[in-house]
Structure formats: structure tokens, C-alpha cells
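Try each one before reading its solution.

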Amino acid sequence: MHLGNVSFGNFLLDILFIVFFVVWFWMIITVLVDLLRRHDLSGWSKVIWVIFLVVLPYIGVFAYLVTQSGSMARRSAEQAEEAREQLRKVVGFSVADEIEKLDRLKASGSLSETEYKALRAKLV
């Protein structure tokens, strides 16, 4: 199918380039967010990384991912856990309250003994 100067192959290639651009942009944002949230790097180290990312973006992003990817995952998990704990404090989550609810569900027959033990083990 060919409409003027645009063919279906050109359209697909354009879509592919757009997807790669979005993924690339997402990677840069992910690296910058991780870099700026780090507490173990000094301000000068962060400045050097940012300069490296601006001057040589492809090499900078790939170098950061190769050298820091393991700690990025750990920091991300820690931040998610902190957010979860803050949400629990705001909402009023209490392990004792949850155990009491489980006891009521078990007493009413909604939970079997094995379900009760499994859910209680998760809480404790």
C-alpha cells in the first residue's frame, strides 16, 4: 500500500523509532531519578554523573545501568517498602487489628484452618 510519499514500511519504521525514543526517554528519567535520590553519593559525584549523562547520553546511561543496576533494584525495593509503611501509618494498618479480623473470619467459618494459618503467618 503506497499513499503519496508514505508507504506502510515507512509508517512502521516511524512507529518503531517513536517507541525507541519513548523507551530511551524513560531510561534517562529512571537513571536521573535514581541518581538524584541516592544518599550514598556526594553532590560532586552526582554532578559528574549528570554531566556525563548530558554530554554523552548513550554511553552515560549504559555505563550507569551496567555499574549501578543491582543497587538500583535494591533502592527501588527499599523506597517501595518505605512508601508502603507510610501508607500503613496513614491508613491505620495494625497487625493486631488484622489478626483480630482473621480470628473473626475463622470463627464465622469463612476461613479454613490452613487458610487462617497461612494468612496469620504472612502478618507475623
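**Exercise 1.** Find which residues Arg38 is in contact with, leaving aside neighbours within four places in sequence, and work out whether Arg38 is buried or exposed.

*Solution.* Start with the contacts (heavy atoms within 4.5 Å): Arg38 reaches Lys46, Tyr64, Gln68 and Arg75. Then check accessibility: Arg38 counts as buried because its relative accessibility is 5%, and buried means under 20% relative accessible area with a 1.4 Å probe, protein chains only. Finally, look at the Arg38 side chain, which makes a polar contact with the side chain of Asp40 at 2.9 Å (an N or O pair within 3.5 Å, one able to donate a hydrogen and the other to accept it).

A quick note on the ground rules: this is a predicted model, where local features need pLDDT of at least 70, side-chain atom pairs need 80 or more, and totals for chains, interfaces and linings use all residues. Residues are numbered from 1 along each chain as its sequence is written, and side-chain values use heavy atoms, leaving out hydrogens and water.

**Exercise 2.** What does Met72 touch, not counting residues up to four places away in sequence?

*Solution.* Run the contact search around Met72 and you get Thr30, Asp34, Tyr64 and Leu65.

**Exercise 3.** What should the 14 residues of helix H4 (residues 95–108) span?

*Solution.* Take 1.5 Å times one less than the number of residues. For H4 that gives 20 Å, and the end C-alpha atoms are 20 Å apart, so the two agree. Just after H4, Gly109 has a positive phi of about 90 degrees.

Definitions and conventions: Buried means under 20% relative accessible area, exposed over 50%, partly exposed in between (1.4 Å probe, protein chains only). Helices (H or I, at least four residues) and strands (E, at least two) are DSSP runs, numbered from the N terminus.
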